[in-house]
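Me: Could you take a close look at one helix pair for me? I'd like to know how the two cross and what sits between them, plus whatever else ties in.

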Amino acid sequence: MAVAKYKALMTKDLQHALKDPVLMADMIGPLVLIFLSRFGFPIAVHWLDMNYSFNLEQYRGFVASLLAVTIPMLTGMLTGLLMLDERDENMIAYYAVTPLMHKGYLLYRLALPTLLCIVLSAIYLQWSTMTEFRWETLYALLLLALESPMFSLFLAAFSSNKVEGLALSKIGGLFIIGPVVVHFVPGAWQALGALFPSYWPAKVLDLTMHNEPLPVFVYFLMGLVLHLACLYFMVTVFKNKQE
């Protein structure tokens, strides 16, 4: 019975996304990034080298992590805006009194962006050729997967309606500042990046590319604690707002 309820919600989400240009862009955006990273980056490297003698290849790690952290932002934005649409239509209150209940609804809304992000990020990390896929890459994949529902709840918890959600999503662009800190901020100043969730998967990917397994594990554990704490905070704020 619960499976049928979730299937109905998923069908409704798909129909809604196909009718809304913003949601459609969020849905196909990760696929575009995967395609561009696979075919567009080598073309850009060659073109810049031939025409401007600029070596874009030296920034491969930065581009790889920047695109990687953009995927959870897009999948999270998709679900977050769907939640705001449902709030505007008073559907969340309706789901709370159905057999699905509020807990089941929230579980679905957290699971959907997480699963989407896992699949799309795994395809990106494996198929894009931007990074070498190693088993340590799974650490980054887990952190990326947690960032997607975090961004969904960020929009749903701190926006009163979809218009505010769209505006807040622009500010949420700071979400991808982590790779900038990892690759361009020197020395101890990198500690400032710890405040941004996207810093941690970017750092894990960078250390993985440099074949440093022990630091990878340490940064993964610290990042995991931060991500779980942020996710718990977002869930708490969202629940309180619904009540």
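Reply: Let's start with the crossing: H3 passes H9 in a right-handed sense. Keep in mind that this is a predicted model. H3 covers residues 60-88 and H9 covers residues 199-209, and the two pack at an angle of about 145 degrees with their axes 9 Å apart.

So what makes the contact? On the H3 side you'll find Gly 61, Ser 65, Ala 68 and Val 69, while H9 puts in Pro 201, Ala 202, Leu 205 and Met 209. Sorted by type, that contact holds 6 nonpolar residues, 2 polar ones and no charged ones.

Charge does turn up elsewhere on H3, though: Glu 86 lies in this helix and forms a salt bridge with Lys 12, with the closest N and O atoms 3.9 Å apart. Lys 12 belongs to helix H1 (residues 2-19), so the pair ties together parts that are 74 residues apart in sequence. The model has 7 salt bridges when counted with a 4 Å limit between nitrogen and oxygen.

Helix H2 (21-52) and helix H5 (101-127) each supply at least two of its residues.

Key: Residues are numbered from 1 along each chain as its sequence is written. This is a predicted model: local features need pLDDT of at least 70, side-chain atom pairs count only at pLDDT 80 or more; totals for chains, interfaces and linings use all residues. Side-chain values use heavy atoms; hydrogens and water are left out. Axes are lines fitted to C-alpha atoms, for helices over the stretch in contact, and angles run from 0 to 180 degrees between N-to-C directions. Helices (H or I, at least four residues) and strands (E, at least two) are DSSP runs, numbered from the N terminus. A crossing is left-handed if the near helix is turned anticlockwise from the far one by less than a right angle, and right-handed if clockwise. Contact means heavy atoms within 4.5 Å. Ala, Val, Leu, Ile, Met, Phe, Trp, Tyr, Cys and Pro count as nonpolar, Asp, Glu, Lys and Arg as charged, and the others, Gly among them, as polar. A salt bridge is a side-chain nitrogen of Lys or Arg within 4 Å of a carboxyl oxygen of Asp or Glu.
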